[in-house]
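My plan is to begin with the whole chain and then look up a few places one by one.

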Amino acid sequence: MNSLPAEPAAPRPPRRRVHTKARILSAAGELFLSAGYARTSIEDICTAAGYTRGAFYSNFATKEDLLLELFDEQAAERMAELDRLATVAGQLEPRERARRMVEALLRVEDAETGWILLFLEFRLLAARTPGLAERVAAHDRTVTAAVAVLLVRVLPELVPVGAAAEQAAEVVLAAREGLLARTAAGGPAAEQLLTSTAAMLAGLMG
């Protein structure tokens with residue numbers, strides 16, 4: 001029996017288009033972080049990137065699509081950092097591993113603060129915008145699944161595969177956003193709350 005012909009590989013986008021998209025993403029990220037999502041227009045992004053609205057719409061259908069792609073990039077970078085930490089923490093005893101992993105998941109580095117504040121702004125907007133809430137929920141599910149896999153890998157003795165891992169990831173991520181909302185100004189109180197929350201969640205896992 002003859003096998004079916006292989007599907008042709010999807011053509012790669014021209015290098016120039018990849019460069020254009022990267023510049024638009026970079027310009028948009030800087031504007032979103034400095035002015036916020038709602039106060040940044042597509043026109044602002046095009047001007048900052050040095051392109052026309054046509055260039056924007058050849059890469060993104062909407063401003064929401066652009067921001068969600070930026071969030072996906074940030075999440076991927078964060079997961080790569082946590083994956084490296086997981087490798088280092090693998091030699092510790094389970095409870096200490098749990099404490100360090102949860103604290104790493106909760107901690108918001110200075111460079112991340114603007115991004116998470118931006119995500120909180122977008123989440124509130126999405127809650128009032130039909131259709132957008134589900135797109136944010138889909139992003140949440142993707143990040144939650146990735147964190148669940150990481151928890152199972154680092155803490156197999158404490159976090160079993162399946163629903164328990166997903167639930168643990170959901171709680172940790174929700175706590176992370178809550179911590180930032182309460183401690184955006186930083187300082188000793190923020191560090192103390194982080195330590196207390198990490199200890200409590202790690203204890204629940206154990």
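**Entry 1: the whole chain**

I began by reading the order of elements, and from the N terminus on the protein chain runs α-α-α-α-α-α-α-α-α. My count for the protein chain is therefore 9 helices and 0 strands, where a helix is a run of at least four residues. I note here that this is a predicted model.

Next I looked up how much of the chain is hidden. Of the 206 residues in the protein chain, 37% are buried. The accessible surface comes to about 12200 Å², and carbon and sulfur atoms hold 58% of that surface.

I also checked how far along the sequence the contacts reach. Taking contacts between residues at least 6 apart in sequence, I found that 67% join residues at least 24 apart.

For helix α6 (residues 110–127) and helix α7 (residues 132–154), the angle is about 135 degrees and the axes lie 8 Å apart. That makes α6 oblique to α7, because an angle counts as roughly antiparallel only over 145 degrees and as roughly perpendicular from 65 to 115.

Which residues make the contact? On the α6 side I listed Phe119, Phe122, Arg123, Leu125 and Ala126, and on the α7 side Leu132, Ala133, Val136, His139 and Asp140. Sorted by kind, the residues of this contact are 7 nonpolar, 1 polar and 2 charged.

**Entry 2: a closer look at valine 136**

I picked valine 136, which is found in helix α7. Is valine 136 buried or exposed? Its relative accessible area is 3%, so I wrote it down as buried.

Leaving out residues up to four places away in sequence, I found that valine 136 touches Phe119, Phe122, Arg123 and Ala126. Valine 136 and phenylalanine 119 are 17 residues apart in sequence, and their C-alpha atoms are 9.5 Å apart in space.

**Entry 3: salt bridges**

How many salt bridges does the structure hold? I noted 13 of them.

I started with arginine 123 and aspartate 140, whose side chains meet in a salt bridge at 2.9 Å, N to O. Arginine 123 lies in helix α6 and aspartate 140 in helix α7, so this pair ties together parts that are 17 residues apart in sequence. Both ends are partly exposed: arginine 123 has 25% relative accessibility, and aspartate 140 has 24%.

Then I turned to glutamate 96 and arginine 99, which form a salt bridge at 2.7 Å, N to O. These two are 3 residues apart in helix α5 (residues 94–106), so about one helical turn separates them. Glutamate 96 is partly exposed at 22% relative accessibility, and arginine 99 is partly exposed with a relative accessible area of 32%.

My last pair was glutamate 103 and arginine 107, with their closest N and O atoms 2.9 Å apart in a salt bridge. Glutamate 103 counts as buried at 18% relative accessibility, because the cut-off for buried is under 20%. Arginine 107, at 23%, is partly exposed.

I was pleased to see these residues turn up again in a network of salt bridges, which links Glu96, Arg99, Arg100, Glu103, Arg107 and Glu191.

**Entry 4: phenylalanine 60, in a loop**

Where is phenylalanine 60? I found it in the loop between α3 (53–57) and α4 (63–89). Phenylalanine 60 is buried, with a relative accessible area of 3%.

Setting aside residues up to four places away in sequence, phenylalanine 60 touches Lys21, Ile24, Leu25, Asp65, Leu66 and Glu69. I also looked up its spacing to isoleucine 24: 36 residues apart in sequence and 9.7 Å apart in space, C-alpha to C-alpha.

**Entry 5: alanine 175**

I ended with alanine 175, which sits in helix α8 (residues 163–183). Apart from its neighbours within four places in sequence, alanine 175 is in contact with Leu106, Thr197 and Leu201.

Conventions: Residues numbered from 1 in each chain as written. Predicted model: local features only at pLDDT ≥ 70, side-chain atom pairs only at ≥ 80, totals over all residues. Heavy atoms only, no water. Axes fitted to C-alpha atoms, helices over the stretch in contact; angles between N-to-C directions. Parallel < 35°, antiparallel > 145°, perpendicular 65-115°, else oblique. Contact = heavy atoms within 4.5 Å. Nonpolar A, V, L, I, M, F, W, Y, C, P; charged D, E, K, R; others polar. Buried < 20%, exposed > 50% of the residue type's maximum accessible area, 1.4 Å probe, protein only. Areas by Shrake-Rupley, 256 points an atom, 1.4 Å probe, with all protein chains shown as cover. Salt bridge = Lys/Arg side-chain N within 4 Å of Asp/Glu carboxyl O.
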